[in-house]
Amino acid sequence: MTNQAMDHFKSQVLLILSEVPQGECIAYGELAKQAGFPSHARRVGFLMKNLPKDTKLPWHRVVNSQRKISFAENTDAYIRQRERLEQEGWTIVGNKLTVNELTNM
């Protein structure tokens with residue numbers, strides 16, 4: 001991917017990510033697809049992993065296609081993502097999001 005294409009990819013992914021509403025989540029592959037790069041789910045993951053820790057973007061709303069948190073359990077990143085998702089109403093069993101209590105009322 002050229003630098004120009006990579007910049008376009010990044011800007012599209014971050015724009016779409018910024019619009020994911022609280023209480024919802026999106027899969028890496030779906031985010032890539034909506035950005036116009038349907039076969040770049042791993043690149044989305046790399047981009048999410050390398051966002052600054054103080055980002056205001058809702059990176060925690062991005063999960064894998066099985067609705068699971070992709071970080072290894074009990075790592076700092078896993079714990080941060082799980083806590084943020086739980087604050088938004090998600091019930092998480094192991095590393096899988098099961099139901100959002102706030103959106104299912």
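In the predicted model, Glu86 forms a salt bridge with Arg82, with the closest N and O atoms 3.0 Å apart. Both residues belong to helix H4, where a spacing of four residues places them about one turn of the helix apart. Glu86 is partly exposed, at a relative accessible area of 37%.

A search of the whole structure finds two salt bridges. In the other, Arg61 pairs with Glu88, and the closest N and O atoms are 2.7 Å apart. This pair links distant parts of the chain, 27 residues apart. Arg61 sits in the loop between H3 and E2, and Glu88 in the loop between H4 and strand E3 (90–93). Arg61 is buried, with a relative accessible area of 10%. Glu88 is buried too, with a value of 7%.

Helix H3 (41–49) has three buried residues, Val44, Leu47 and Met48. Seen down the helix axis, these residues fall within an arc of 100 degrees, so they line one face of H3. Their cover includes helix H1 (3–18), helix H2 (28–34) and strand E2 (62–63). Arg42, Phe46 and Lys49 are exposed on the other side of H3.

The largest pocket holds about 280 Å³ of space. Its lining comprises 15 residues. Met48, Lys49, Trp59, Phe71 and Ala77 lie nearest the pocket centre. Helices H3 and H4 (76–87) each supply at least two lining residues. By class, the lining has eight nonpolar, four polar and three charged residues.

Notes
Residues numbered from 1 in each chain as written. Predicted model: local features only at pLDDT ≥ 70, side-chain atom pairs only at ≥ 80, totals over all residues. Heavy atoms only, no water. 1 Å grid on protein atoms, 1.4 Å probe; cavity = no way out; pocket = protein on both sides within 12 Å on 5 of 7 lines; lining within 4 Å. Points joined across faces, edges and corners; volume = space filled by probe spheres on them. Nonpolar A, V, L, I, M, F, W, Y, C, P; charged D, E, K, R; others polar. Buried < 20%, exposed > 50% of the residue type's maximum accessible area, 1.4 Å probe, protein only. Arc of directions from axis to C-beta. Contact = heavy atoms within 4.5 Å. Salt bridge = Lys/Arg side-chain N within 4 Å of Asp/Glu carboxyl O.
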